[in-house]
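User: Please take me through the fold shown below, beginning with the terms and conventions on which the description rests.

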Amino acid sequence: MVSKKSDKQTYPVQLVQPDGRRVLDREHAALVADTDGARLRQLYEDLVVTRRIDVEATALQRQGQLGLWPPLYGQEAAQVGSAHALHPDDYAFCSYRETAVAYCRGVPPEQLTALWRGVAHHCWDPNQVNMTNANIVVGSQGLHATGYAYAAHLDGADIATIAYFGDGATSEGDIAEALGFAASWSAPVVFFCQNNQWAISEPVAVQSTVPLVRRADGYGIPGVQVDGNDVLAVLAVTRRAVERARTGGGPTFIEALTYRMGPHTTADDPTRYRTAADTEYWEHRDPIERIRLLLDREGLLDPEFAQRVADTADDIARRLRTATVEMPDPDPASMFDHVYATDHPLMAEQAQQFSAHLAEGAQP
Ligand SMILES: Cc1ncc(C[n+]2csc(CCOP(=O)(O)OP(=O)(O)O)c2C)c(N)n1
Ligand SMILES: [Mg+2]
């Protein structure tokens, strides 16, 4: 629902309940009316595969094969549902956690870990899949998405961009500036906030005293709050927002209510700041279980299909693992190569100093 003028303002859009039953919401169901059995199964497969990717990458980090990993466990529906709403020529600007979006954009599993292994500055070629690489500077991708969207509009391209960011990022000036500019200039950008309830150890309550979706009101743009663990509802509201942007309607702010079931990154210990009871509430709202129950209710979950999905997930996890452990170490001095797009005297000086240091026998 649009937050303005709605008496249902605080209720998120939902199309499937946690027990797998459909919700009677004709307006939003119409936006996903093309989601037949085959498409529903595809969504389920993508949810299962992306969780499997995440679990494998987390294990690789624990085994010393990755330096760091930012788990998405619990946020699969928010990412898969929104990614499925995008066209290939739309452009996604992400934070560091959108591995499921990357997978749905077509990034091969072999390309998901290079940065986290510390062997490259990036994982994939952004222009191959129209999606940026991990951005650690919280919130800055909101500006990148807005600038790209506005430039596309000036070029007459009928595309939308989507900026993925978290609840914590809503307190960043960059997100405020991006919203202000996008609203004033009707830039074709969707602001997709995954409210996973935490910004590392800070609960969302310290970011805002009212639901984050109400930020939209201040910018005069539509805001919609959606059950982020309901892949169909996320698909519906994101489709509407993307279509609106692409057809000149300007930006939309989406708040997807979800939960980060794991640590912030593998360097974090969430038991230091939250209780098992917090997490338990969300365990009953698991995004994969919900769609599994829906498929089951609708007679679409035969054992062969379930097995095929599990095998696909295992196969992709194997590809990810093999590619990761076999990644060659780069020439240490190459880390200076792509800091700037063109040669830079400071980088040349640092590269030379570093090479001299290595030549003296230092370990990289
Ligand atoms: C500009 C900036 N400030 C602080 C940090 C440190 N930092 C990294 S992630 C993070 C929390 C972000 O939380 P949220 O936006 O909710 O995204 P989530 O990690 O939950 O997906 C912070 C403060 C940073 N990387 N960049
Ligand atoms: Mg967060």
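Analyst: Helices (H or I, at least four residues) and strands (E, at least two) are DSSP runs, numbered from the N terminus. This is a predicted model, in which local features need pLDDT of at least 70 and side-chain atom pairs count only at pLDDT 80 or more, while totals for chains, interfaces and linings use all residues. Residues are numbered from 1 along each chain as its sequence is written, and chains are lettered from A and ligands numbered from 1 in the order in which they are written. In these terms the protein holds 14 helices and seven strands.

User: What radius of gyration does the protein have, and why does it agree with that of a compact globule?

Analyst: The C-alpha atoms fill a box of roughly 70 × 50 × 40 Å along the principal axes. The radius of gyration is taken over C-alpha atoms, and the globule rule is 2.2 Å times the number of residues to the power 0.38. For 364 residues the rule gives a value near 21 Å, so there is agreement with the protein's own radius of gyration, 21 Å.

User: Which feature does UniProt place at residues 48-314?

Analyst: UniProt positions are given in the numbering used here, feature names are shortened, and annotations may be inferred rather than shown by experiment. In the model, the span 48-314 is 44% helix and 12% strand, with its end C-alpha atoms 10 Å apart. The record, an unreviewed entry, names the feature "domain: Dehydrogenase E1 component".

User: Among contacts between residues at least 6 apart in sequence, what share joins residues at least 24 apart?

Analyst: Two residues are in contact if their C-beta atoms, placed from the backbone, lie within 7 Å. Of the contacts between residues at least 6 apart, the share that joins residues at least 24 apart is 76%.

User: How many residues of strand E3 are buried?

Analyst: A residue is buried if 20 or more other C-beta atoms lie within 10 Å of its own, exposed if 12 or fewer, and partly exposed in between, with C-beta atoms placed from the backbone. Of the 364 residues of the protein, 45% count as buried. On E3 both faces are covered, with Val189, Phe191, Cys193 and Asn195 on one side and Val190, Phe192 and Gln194 on the other. E3 (residues 189-195) is therefore largely enclosed by the rest of the structure, its buried residues being seven of the seven.

User: Which strand pairs with E2 over three bridges?

Analyst: E2 is largely enclosed by the rest of the structure, because six of its six residues are buried. The pairing over three bridges is parallel and involves residues 91-93. Opposite threonine 161 of E2 stands tyrosine 91. The strand in question is E1.

User: What is the hand of the β-α-β unit made by E2, helix H8 and E3?

Analyst: A crossover is right-handed if, with the strands pointing away from the viewer, the path from the first strand over the helix to the second runs clockwise. Helix H8 covers residues 173-184, and its unit with E2 and E3 is right-handed.

User: Is serine 186 buried or partly exposed?

Analyst: Serine 186 lies in the loop between H8 and E3. Its phi is near 50°, a positive value in a residue other than glycine. Because serine 186 has 16 C-beta neighbours inside 10 Å, the residue counts as partly exposed.

User: What separates the C-alpha atoms of leucine 154 and alanine 187?

Analyst: Leucine 154 belongs to helix H7 and counts as exposed because it has 10 C-beta neighbours inside 10 Å. Leucine 154 and alanine 187 are 33 residues apart along the chain, and their C-alpha separation is 9.6 Å.

Note on methods: Two strands pair if DSSP finds at least two bridges between them.
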